[in-house]
Amino acid sequence: MKTMRLHSIALLVTATLSGCAVGPAYERPATPEPAAFKEAQGWVPAAPADALDRGPWWQLFNDPVLNELAASVEVSNQNVAAAVAAYAQARAIVAQERAALFPSVSLGLSADRSGVRNGGASTAYRLNLGGDWEPDVWGRLRAGVTSAQASAEATAADLASARLSAQGEVAANYFTIRALDAQRTLLESSIAGYERELRITENRYNVGIVARTDVLQAQTQLANARNDALTLQRQRAQFEHAIAVLVGKAPSEFTLAPAAAWQVHVPAIPVGVPATLLQRRPDIAAAERDVAAANAEIGIARSAYFPNIGLSASLGSGGARFSDLFSASNAAWSLGLSAAQSIFNAGATRAGVAGAEARHQAAVARYRQTVLNAFADVEDQLTAVRVLEQQQELRRVASEAADKVEQQILNRYRAGQVSYSEVVQAQNTALNARRSLVQVQADRQGAAVSLIQALGGGWRVGQDPM
């Protein structure tokens with residue numbers, strides 16, 4: 001009867017207090033959310049507006065080689081692999097925290113043989129089934145689960161960020177290589193022309209039509225062009241090595257063949273309202289989940305003000321023979337209720353709560369700063385996309401004009417109307433204009449990649465990156 005009364009009291013205490021929670025209710029911190037992006041004025045969003053959600057974002061560039069490289073990041077990039085492992089670890093911690101909500105049961109079996117010198121020996125067997133449970137009276141364990149879950153979600157967002165960063169870097173390096181290949185083609189064409197002009201100039205010098213300075217200038221121009229080609233070769237090798245590392249290969253095992261023809265495709269990127277950025281940027285999601293984890297940790301710290309309550313039960317049996325363990329007459333049981341409260345710890349509990357609250361405030365500040373940085377990032381890339389589009393048209397006009405000037409100056413030189421210095425200047429201007437046009441085309445593709453990254457790619461809050 002006494003045991004039943006003790007058991008009833010324990011159940012009553014647990015039922016009465018199990019709904020208590022000492023942690024603050026979580027609310028997402030307020031952040032400035034403008035109605036529209038400043039630099040998106042006059043911007044016509046692409047249709048359909050969900051283009052980034054229908055598949056891998058890099059497919060918007062219509063480049064099969066880029067599709068293959070970006071897809072390989074998923075399985076081969078070591079930074080992404082480390083982020084995947086961190087996410088798996090975070091999920092395991094969540095499972096571990098949840099397990100604390102349930103009773104633990106243990107089974108023990110022992111056998112001891114003892115005796116005295118010059119005397120007999122005896123054997124004692126013991127079988128024990130025990131259980132312990134800490135009722136989550138003050139919500140401490142649930143707060144631990146909440147904190148672990150929020151941390152796991154933050155780790156999932158970190159994984160999405162690592163993946164997006166690696167894929168964006170692959171795309172940016174790939175477009176740089178294609179631009180370098182295009183510039184190399186321009187240089188090779190110019191070098192062939194310079195070699196032809198050098199032969200013509202040498203022939204004219206040999207018959208006394210021009211001075212030797214014209215030959216020297218032609219030789220200088222040709223040597224400089226060949227030097228520029230070697231510089232492009234070195235730069236291309238460096239970017240090729242960088243892509244190899246990003247796709248998880250040794251540089252010696254990776255080669256990216258030059259494209260037969262560079263098809264410049266710059267997709268129209270759909271831009272939503274700024275509020276959607278909070279759902280699309282994984283770094284914002286990670287910062288917000290860190291705030292949620294810090295909020296739950298305040299509840300964990302506050303629970304130290306209240307006593308720890310535990311329930312225990314055991315059923316055991318003992319005997320001199322192994323068969324005695326299963327005899328009901330040898331069985332013994334026990335039930336226990338315990339409560340422990342710290343009476344004095346020199347303010348350690350108060351300091352723990354203050355520390356948890358300060359961590360929460362810091363997490364809120366980091367979250368708000370992340371949001372502000374994200375808005376600025378999008379505005380920057382919108383500006384870059386808009387300005388580069390205008391610059392490309394200006395570069396095209398300048399290149400066409402420079403080509404015409406080059407041909408006219410060359411004709412006038414052959415007619416003996418201008419010096420060779422003017423030919424060199426016109427040819428260099430035309431070549432630089434062509435290379436600048438190629439560069440701005442690559443910059444437009446790079447800006448499109450950066451804008452996609454600034455918008456969060458195709459990821460959304462709540463999406464499992466695995």
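Helices (H or I, at least four residues) and strands (E, at least two) are DSSP runs, numbered from the N terminus. On that basis, the order along the sequence is α-α-α-β-β-α-α-α-α-β-β-α-α, with 9 helices and 4 strands. The model is predicted: local features need pLDDT of at least 70, side-chain atom pairs count only at pLDDT 80 or more, and totals for chains, interfaces and linings use all residues. Residues are numbered from 1 along each chain as its sequence is written, and side-chain values use heavy atoms, with hydrogens and water left out.

**Whole protein**
- Of its 466 residues, 38% are buried (under 20% relative accessible area, with exposed over 50% and partly exposed in between; 1.4 Å probe, protein chains only).
- Among contacts (heavy atoms within 4.5 Å) with a separation of 6 or more, 83% join residues 24 or more positions apart.

- The 22 residues of α3 (residues 78-99) should span 32 Å at 1.5 Å a residue (1.5 Å times one less than the number of residues), which agrees with the 32 Å between its end C-alpha atoms.
- Asn-77 caps the N-terminal end of α3, with a side-chain oxygen 3.0 Å from the backbone nitrogen of Asn-79.

**Helix α3: its two faces**
- Val-80, Ala-83, Tyr-87, Ala-90 and Val-94 are the buried residues of α3.
- These residues lie on the same side of α3 because they cover an arc of only 70° around the axis, taken from the directions from the helix axis to the C-beta atoms.
- They pack against α2 (64-76) and α4 (140-206).
- Exposed Gln-78, Gln-89 and Gln-96 are carried on the face of α3 turned away from its buried side.

Methods:
A polar contact is a pair of N or O atoms within 3.5 Å; within protein, one must be able to donate a hydrogen and the other to accept it, and residues adjacent in sequence count only if both atoms are side-chain atoms.
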